[in-house]
Amino acid sequence: MGKLILNEWTKLFRRIGTWVMFGIVILMVIGMGTYLKYDESNHPPQENLNWKQDLTVQLENDRTSLEEVGQNNANLRTFYERQIAIKEYQIENELSPETGQNVWSFIGEAMGAIGFIGVFTIIIAAGIVSNEFSWGTVKLLLIRPMKRTRILLAKYLTVLLFGISMLSATFLIAAVIGFALFGLPEQAIPHLAYVDGQVVERSLFMQLIGEYLLGSIDVLMLATMAFMISAVFRNSSLAIGLSLFLMFMGGTVTMIVASKYEWAKYILFANTDLSVYFDGVPLVDGMTLGFSIFILFLYFALFQFLAFFVFAKRDVTA
Amino acid sequence: MKEVLRLDHVKKVIKGKKIIDDLSFSVREGEIFGFLGPNGAGKTTTIRMIVGLMKISEGDIVIAGKSIKKDFTKAIGQVGAIVENPEMYKFLTGYQNLLQYARMHEGITKEKIAEIVELVGLTDRIHEKVKSYSLGMRQRLGLAQCLLHDPKLLILDEPTNGLDPAGIREIRDHLRLLTRERGMSVIVSSHLLSEMELMCDRIAIIQNGKLIDVQTVNEFVQNRTATYQIETGSLGDAAFWLKSEWNIVMSKEGFTVETERENIPLLIRNLAAAGVDVFGVKTISKTLEDRFLEVTNK
């Protein structure tokens, strides 16, 4: 399997387009850093000495909201309870929520690049099978002493590896740029997580890695879908077009459907943002983390089944 | 002689249409086997089934004792093939292309690659991008790609397509060398019939997905009956019995007749007895092309 992945990796990185993709993502992070630095020098952050009063006002608002809407919506109730607990904890422990830009906050900002990583990973996933058909090389690829499913698996793993490399590259570049431009925060900032009704301090570094991974779930699902379309229809344009359309429109459409119908919770895009279970509100009342993971798994299995089943059976006529 | 490939009542049905109908033949060790048929006869479909690119609807194909249906990886490991054009990754060099395929077989060393590159005469250009290769060079790289793992059976679909005469000759010499010295068997499909005559030991003809005939090249060209051109004077009344008994075809100088060699003296005696002047008799030798058209036009 290692050799097959090496083959696919070679085919990716011997093409200039792949390097351009990396270049664009890196330039974007650098651009973002430069802009934020420029913005910061024009409007230097002022220390807010009244942050405790501000938080107390917000706390009151949260409590009122909890009274009003929390009764009939379990998810919103959890959300406000979490907000209140974290704010109380901040006041008690003298943890000011407002700090200037630093390396950690910048790594968080750089998550904006995940959209681009998504686009590029989808393009790679859409091409990795269908290109072999349009180049005609599939005829030489599939007459080797290897099962077709192994070759397809190597291709899928290569797509995953590509996405992970882009994600790690973004994280690393953001860390380097963030450190160079903004430096470390004056005092260590913990991440405040709300677990089983308790506020606990967590490592911000691990939290950021977690956020990157959670933020990539829709990319993973859409890339898997693009890969499936590519393997089933041998058509990269269709795979790219449909996947990108869903990537940009899927969330919005799901939101519109969700405002009217409860079955919206079965739509893929209602479940791709798992971070709502940690610091937000899920789209439809009653959705749980377990439910979303189960739905994601179903879609994932469906895509994979279609890709592998059709690819292994099909007559190659390219 | 041992058989390297056997097709056993192979059928291919696509959307209810029989593309290949009950095709059976076998290829022996060390022979060059020609696969002949007009366009759309099912040559490429058959080749795709042999190499497992297409599924067999009914029947089986056995390569070096292993069924391509049941034992795909073992069977295909004995095959090197070019299906239609040798399409390579154009953005890689010739060498990088070969590395791709070398990684998919067991135990192909750097030395082995170098040896094959030398054999097909690409040593000077192997580290250039395939983009810059001529068609002949791509064809040679395609050949190198099938030879890397020392297959027992080589399948070349239209190997001389688009090559100049020198290139065609080169391919022919390569194939002779490979069969004689390495005991490989080769299946060649081609439209260039005269080319087949020079290259192949045996030829199978298929039409509309059915096997019409398998013959050795010599048999094929010099079939027992031949056509003779008889130059005569006026035939007169003799024309009647010539037409009914000998089935002649009239021509400008006399007539042509299709018969066995030993019947010619009898014909001449009969003509002499009937008072027809005979000026000359000559054999019209048939080319493979004539035979091919004859067989496929039935």
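## Close-ups of a predicted model

The C-alpha centres of domain 1 and domain 2 of chain B sit 43 Å apart. This is a predicted model, where local features need pLDDT of at least 70 and side-chain atom pairs count only at pLDDT 80 or more, while totals for chains, interfaces and linings use all residues; side-chain values use heavy atoms, with hydrogens and water left out. Residues are numbered from 1 along each chain as its sequence is written, and chains are lettered from A and ligands numbered from 1 in the order in which they are written.

**View 1. Chain B and its two domains.** The domain assignment puts residues 3-221 of chain B in domain 1 and 226-296 in domain 2 (the bounds come from an automatic or database domain assignment). Chain B has 11 helices and 14 strands; both are DSSP runs numbered from the N terminus, helices being H or I of at least four residues and strands E of at least two. With a radius of gyration of 24 Å, well over the 19 Å that the globule rule gives for 298 residues, chain B is more spread out than a compact globule. That radius is taken over C-alpha atoms, and the rule is 2.2 Å times the number of residues to the power 0.38. Along the principal axes, the C-alpha atoms of chain B fill a box of roughly 80 × 45 × 35 Å. As for contacts (heavy atoms within 4.5 Å), residues 24 or more positions apart account for 68% of those in chain B with a separation of 6 or more.

View 2. A nonpolar core here is a set of buried Ala, Val, Leu, Ile, Met, Phe, Trp, Tyr and Cys residues joined through side-chain atoms within 4.5 Å. Buried means under 20% relative accessible area, exposed over 50%, and partly exposed in between (1.4 Å probe, protein chains only). The largest core has 157 residues, and I61(B), L154(B) and L175(B) have the most contacts inside it. Helix α8 of chain A (residues 148-182) gives the most to this core, with 13 residues. Zoom in on L175(B) and you'll find it touching I32(B), L154(B), L156(B), V186(B), V188(B) and M199(B), leaving aside residues up to four places away in sequence. Another core, of 15 residues, lies apart from the largest one; Y228(B), A239(B), I264(B) and L271(B) are among its members.

View 3. C146(B) is in none, and its nearest cysteine sulfur, that of C200(B), is 16 Å away. C146(B) is buried at a relative accessible area of 0%, and C200(B), at 5%, also counts as buried.

**View 4. An open sheet in chain B.** Here 4 strands line up in the order β12-β13-β11-β14, with antiparallel pairing (two strands pair if DSSP finds at least two bridges between them). β12 (249-250) and β14 (278-284) of chain B stand at the edges with a single partner strand each, so one side of each has no neighbour in the sheet. β12(B) pairs with β13(B), residues 254-259, over 2 bridges, and M250(B) stands opposite F255(B).

View 5. Strands β1 (residues 191-195) and β2 (residues 198-202) of chain A run antiparallel, joined by 5 bridges. H191(A) has R202(A) as its bridge partner, and V195(A) has Q198(A). There are 2 residues between the strands, and D196(A) takes a positive phi near 50°.

Terms used
A disulfide is a pair of cysteine sulfur atoms within 2.5 Å.
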